[in-house]
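Trainee: Could we go through the side-chain contacts in this one together? I'd like to take it slowly, one topic at a time.

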Amino acid sequence: MKMNKFYFTLLMLIVSTAVMAQYPRAVNRGNEGGRNFNMGHFYGKVIDGNTNKPIDAASVQLTQLKMDTVTKQRKTVIVAAMLTNKKGEFSIDKLPVFGTYNLTISAIGHATYTDQVSFNLKMGEDRSQMLNAIDKDLGNIKLLLQETQLANVVVTANKPLMQMSIDRKVFNVDKSITSVGGTAVDVMRNVPSVNVDIDGNVTLRNATPQIFVDGRPTTLTLDEIPADEIESIEIITNPSAKFDASGGGAGILNIVMKKNKKPGYNGNVRAGVDTRGGNNAGGNINIRQGKINFFASGNYFHFKGRSTNVTDRTDYVNGLTSILQQNSRPSRNGRMAGGNLGFDYFMDNRNTLTVSGGIRKGKFGGDELQNITRDTLYNGTTTHTFGTSNSNSNFTWNNYNGKVSFRHNFAKPNKYITADANYDYSKNTNEQNVATQYYKADNTPSAPLFQQKTIGSGKNDNITIQTDYSNPVSDKIKVEAGLRAAIRNSNSSNDNFIMDQSTGKFVSITALNSKYKYTDEVYAGYVTFSQKINNFTYQLGGRLESSKYSGALVDSNQSFSNSYPLSFFPSVFLTQKINDKQDIQLNYSRKINRPNFWQLIPYYDFTDPLNISVGNASLVPEFTNLFELSYDLNLRNGNNIIATAYYRRSDNLISRYQYWDKNPNPAYNDSVFISSYVNANSSQAYGLEITSMNKIAPWWTLTENINLYNSQINGSNLSGSNVPNQKLSWFGKINSTFMLPANFTIQINGDYTSKTILPPGRGGGGGNHWGGGNLATANGYALPVYGFDAAVKKDFLKDKSLSVSLSMNDIFNTRVTKVHSESTSSKDIYSIQDIRRQRDPQQLRLNVSWRFGKTDFSLFKRKNMNQGGDQGDMPPVMAQ
């Protein structure tokens, strides 16, 4: 024993002398409570737990508890860290030989390994044992695979169709196989809480939300965005003061486009056809090497379709009754192509610069043969007239967009500042030719063929500049602030022509032509403050916006404008955590809905001479106060329920309205009903929405959404609308997904909308270029409508990288839109109208997609990637 003590003492002297000679400062560190003998050496090998093959670039880290000289408390300190080599080997030397270390080893696609290690020096050991103890082999350390590891392609998580939280829902598009090969309109049909009409216009709780792409406004419509380019849809029903106050309290639908930052390369290619003769193809790729992440995508889309339209209208004018019947089966044919290109530059651990841009082009055409019947009863005599109206139209558009963004992450976790500038530019042309012929009872023409032509063009650009700052002052307090400038410019020209029967040439109708331009500017700043007190959290927010709108009719020198130099939009969010599974939240916000271009432009649309529409330059913005009370219940196995009671009141509601007036077309000497927009007194809506995710079995998942609501429009300030229009209605959606053997997936979606008053005609809620929107008025409603979509998908190859899907929309041919509206100018002049429309039922789509990719583990040798290279990502929804 004495000899062993001698050897131990001698060994310690040797170690001490060596350390003092090589690291003279290492022997007297006050924060380590004495001398360190930095001669320890750990080494080993990291291998795959299934294949026993070495793992390259696995992260190996040693930590130890040490005394902090400032706080006088022990804290965890990283002692050493490295990556394994190609053989999976690691070697860490010059370690203090006393104390216990925590060893953590991690690698992409593998479960993290943790253990406690030490050199275990003992007084009773001989010299060789002591020397061996400070040179310790930790052996082969096996890392087990995570369930999300695929061959060559690493998936960070298996996302469900829906991800729900108390402030937003996220719909993951890649899990919606019924919308594969379609457009964003098809995606929205499957999103809970969202209703889509026959023209692709979307509503959220019976109001039109703002549509964003990657958190910013866009000039694109939903049918211009391929579904296969969309990553997810974020549904925010009551945004805080952090977000844009526009939208009238109808919420935000943010379309998040696909983009990846995994190291290495990855992407996909896809193609599809449908039974209408349409086809699509596209692909995207991401390459990350060193400090650069490069991404690109491209697509081509060709679609064809056919619709059915039926209109029945009865006009009562001073004792004269006129019945109008129109029916047609218009056809559609369109093509569009586009691409996006960009890169992320990871300047260092905390700074990321992103530059991206895109180009899209499209051409749409349509033909419609409309049968017209008119019966006029006057003084007991009926006059019968019938005819046809043949029209064809063409619409072209080009869209260019660019974005530059910068993000700086501070040393403090989750503290950051961002700045970005976005530019979106679109231009379009359109032309429509209409030929109308009326006949006598013996089928001979009752009048000459009437031909008219409309030619138009337009340009739009959006400029958005923004900065956001977030600072978690402590683990319980957070402050956010930001500034935003949004400038929108638009101009358009519309020229109308009729055929001169004497010359056989088209002549311009100067009184109907217009050239119009406008500028819309919004400047804003916001601050939010949130604090957590035990299980209670509150957030107070305030947003100041200054807005100005100015427009002009170029030819007539008419100008009009409105401005709100300063408007305040508060928000309050109160959240009580009941336990780990339950939360309850009460929130309030104030919003604004500014009239858009088509609602303001004082231009008469004669696309259908029997249904004329015009904008109203005198519109003023509407203001909305919105309240929500939400309850969130998280159950076992991923089951989740969110119930929300809401109330929304709007003043100066922007609504569609019909009135009787002299026909503005000088070619006709009569009076007609004209559709326009007005500010109704007010509207209010209240309801209860319940969204639930249920995992019935490991292979069966259900997502249900039901919205019970009452809407009321008070148009007492409008002639003929003295009685408020209200209706208790409900809307529901269900998604059922079955994961079957042999890599089959079956998905069935269903939706039902009860009889409901028509949502106010806000416009801009998606839509498309085919026209024909509803005739929403202060007195109108839509009849119940329902439908079902179904799809089946089969995954091939070992890594399931090849997928084939077959889908059909409206499989029972039941999704028929029926609208009833009544308009009254006086007790002696009023109109009743019923419209029935259906579009592309039972369309079958076949699509094939192949994912490819390879993760380059060697890229993780860069220090900034060890600490989370994806910290440069922008938040899923950008603050507005």
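**Side chains in conversation**

Mentor: Let us start with Asp580, which is exposed, since its relative accessible area is 68%. Please keep in mind throughout that this is a predicted model.

Trainee: Okay, and which side chain does Asp580 meet in a salt bridge?

Mentor: The partner of Asp580 is Lys577, with 3.5 Å from N to O, and Lys577 counts as partly exposed because its relative accessibility is 31%.

Trainee: How many salt bridges does the structure hold?

Mentor: There are 20 salt bridges, and one of them joins Asp840 to Arg276, where the closest N and O atoms are 3.6 Å apart. Asp840 lies in the loop between strands S43 and S44, while Arg276 lies in the loop between strands S16 and S17, so this pair ties together parts that are 564 residues apart in sequence.

Trainee: Is Asp840 buried or exposed?

Mentor: Asp840 counts as buried, because its relative accessibility is 6%, whereas Arg276, at 28%, counts as partly exposed.

Trainee: Which residues are linked in a network of salt bridges?

Mentor: That network links Lys169, Arg205, Glu628 and Glu689.

Trainee: Switching to rings now, how many aromatic pairs are there?

Mentor: The structure holds 24 aromatic pairs, and among them is the pair of Phe364 and Phe395, whose ring centres are 6.4 Å apart and whose planes are at 45°, so the pair is tilted.

Trainee: What about Trp699 and Trp700, how are their rings arranged?

Mentor: Their ring centres lie 6.0 Å apart with the planes at 20°, so Trp699 and Trp700 make a stacked pair. Trp699 counts as partly exposed at 41% relative accessibility, and Trp700 counts as partly exposed at 25%.

Trainee: Which residues form the aromatic cluster with Phe364 and Phe395?

Mentor: Phe301, Phe303 and Trp397 form one aromatic cluster together with those two residues.

Trainee: And where does the charged end of Arg407 sit?

Mentor: The charged end of Arg407 sits over the ring of Tyr416, 4.0 Å from its centre, and Lys415 lies over the face of Phe410, at 4.7 Å from the ring centre.

Trainee: Last topic, which strand gives the largest share of the nonpolar patch?

Mentor: Strand S20 does, with four residues, and the patch, which includes Tyr265, Ile287 and Phe343, lies on the surface with about 650 Å² of accessible area together. Phe343 lies in strand S20 and counts as partly exposed, at 32% relative accessibility.

Terms used:
Residues numbered from 1 in each chain as written. Predicted model: local features only at pLDDT ≥ 70, side-chain atom pairs only at ≥ 80, totals over all residues. Heavy atoms only, no water. Phe/Tyr/Trp six-rings, centres within 6.5 Å; stacked < 30°, edge-to-face > 60°. Buried < 20%, exposed > 50% of the residue type's maximum accessible area, 1.4 Å probe, protein only. Lys NZ or Arg CZ within 6 Å of the ring centre and 35° of its normal. Patch = residues over 30% accessible without salt bridge, like charges linked within 9 Å, V, L, I, M, F, W, Y side chains within 5 Å. Areas by Shrake-Rupley, 256 points an atom, 1.4 Å probe, with all protein chains shown as cover. Salt bridge = Lys/Arg side-chain N within 4 Å of Asp/Glu carboxyl O. Helix = DSSP H or I, 4+ residues; strand = E, 2+ residues; numbered from the N terminus.
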